[in-house]
Amino acid sequence: MKQAIRVTVFVTALCGIVFPALLTLFGQLLVPDKAAGSLVQENGKFIGSELIAQPFTSKQYFHGRPSAVDQLAGSSAGDNLAASNPELGKKMAEFAKQNQVDGASLPDDARVTSGSGFDPHISLDYARAQVKRIATERNLSRDAVRRLIDQEAGNNQYVNVLMLNLKLDRSPS
């Protein structure tokens, strides 16, 4: 019995204290920005994380995926609305109206929430569906807004909404 207790204490200390402490230490030493949550600073002030979506509602910014949760409250959930649900239809009609696009051509990530409600990325198609609104609101050419999307995307099919909006703020009007 003593042997079993010693092994249990040893394995618990190794797996529950030593191993997590070493991982934390290596993370802080090797990739400190990632270990700290990929926080984004602007003028010395923390404005968000590259890993967690933020609610952008102003017409002059790119909007993220629909969310079933208050992204500022810290809870996580999806809404699982079916494509036939009238509530989902209302949300999509509002987005289509606001962005002056045909609701039938909206990309999938504009139609459904992410699993957690905190997905910080949108597809290139979803970003491009917002170009007209943003160009009009910011008095920019549509080509200039599309270039910002392409720069942020690089070779990816998705863009980070926070990083794209920061590029938009930094672009000359």
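A search of the whole structure identifies one aromatic pair, where rings of Phe, Tyr and Trp (its six-membered ring) pair if their centres lie within 6.5 Å, with planes under 30 degrees apart counted as stacked, over 60 as edge-to-face and the rest as tilted. The pair is formed by Phe-56 and Tyr-61 and is tilted, at 5.5 Å centre to centre and 45 degrees between the planes. The structure is a predicted model, in which local features need pLDDT of at least 70, side-chain atom pairs count only at pLDDT 80 or more, and totals for chains, interfaces and linings use all residues. Residues are numbered from 1 along each chain as its sequence is written, and side-chain values use heavy atoms, with hydrogens and water left out.

Both Phe-56 and Tyr-61 are buried (under 20% relative accessible area, with exposed over 50% and partly exposed in between; 1.4 Å probe, protein chains only). Arg-138 lies over the face of Tyr-61, at 4.9 Å from the ring centre, the criterion being NZ of Lys or CZ of Arg within 6 Å of the ring centre and within 35 degrees of the ring normal.

Helix H8 (residues 161-170) is largely enclosed by the rest of the structure, because seven of its ten residues are buried; helices (H or I, at least four residues) and strands (E, at least two) are DSSP runs, numbered from the N terminus. The buried residues of H8 pack against several elements, including strand S1 (39-42), helix H6 (131-138) and helix H7 (142-153).

Arg-128, found in helix H5 (residues 124-128), counts as partly exposed because its relative accessibility is 38%.

Technical notes:
Contact = heavy atoms within 4.5 Å.
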